[in-house]
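Here are my notes on the model you sent over, as a few numbered points. Have the sequence and the 3D view open as you read.

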Amino acid sequence: MITRRRLLHWIPAAGAAGTLAPLAERAASQASAGSPMLSEADPQAKSLGYVSDAKRVDKAKFPKYAAGQHCAVCQLYQGPTSAPAAPCTLFAGKQVAGPGWCSAFVPKPG
Ligand code: SF4
């Protein structure tokens, strides 16, 4: 199985990072499509306030959260908006829930 790390290692060696990076991201995303779901108990997930359902965001702790924000509409979500779960560039080897949220949320452009 080709891992994201291995793919990203090959690209600079090929001297074509700018050209191949999107392809590598897509391949890495597909390679991890069957990866396990991120647990809210994961230390990194906890530090970023990840929840698998944005309805449970601690709004007192994360006042920047706004209604409508969720993983499926975040730039770091590596799947289509309609996907119930997909990899996130912050959590290698794991999938996050489409309705989830964390404090690193960045809205998709458009
Ligand atoms: Fe979800 Fe975006 Fe946080 Fe990843 S960075 S867990 S896609 S809100």
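1. The largest nonpolar core has 14 residues, and those with the most contacts inside it are Leu38, Ala45, Tyr50, Cys71, Tyr77, Phe91 and Val96. A nonpolar core here is a set of buried Ala, Val, Leu, Ile, Met, Phe, Trp, Tyr and Cys residues joined through side-chain atoms within 4.5 Å. Buried means under 20% relative accessible area, exposed means over 50%, and partly exposed lies in between (1.4 Å probe, protein chains only). β1 and β2 (91-97) are the elements that give two or more residues to this core, and β2 gives the most, with three.

2. A word on the source: this is a predicted model, in which local features need pLDDT of at least 70 and side-chain atom pairs count only at pLDDT 80 or more, while totals for chains, interfaces and linings use all residues. Residues are numbered from 1 along each chain as its sequence is written, and side-chain values use heavy atoms, with hydrogens and water left out.

3. Now the overall layout. The protein chain has three helices and two strands, in the order α-α-α-β-β from the N terminus. These are DSSP runs (helices H or I, at least four residues; strands E, at least two), numbered from the N terminus. Of the 110 residues in the protein chain, 35% are buried.

4. The structure holds one salt bridge (a side-chain nitrogen of Lys or Arg within 4 Å of a carboxyl oxygen of Asp or Glu). Glutamate 40 pairs with arginine 56, and their closest N and O atoms are 2.6 Å apart. Glutamate 40 lies in the loop between α2 (17-31) and α3 (43-47) and arginine 56 in the loop between α3 and β1 (85-88), so the pair ties together parts 16 residues apart in sequence. Glutamate 40 is partly exposed at 28% relative accessible area, and arginine 56 is also partly exposed, at 43%.

5. Please look at serine 35 too, in the loop between α2 and α3. Serine 35 is buried, at 13% relative accessibility.
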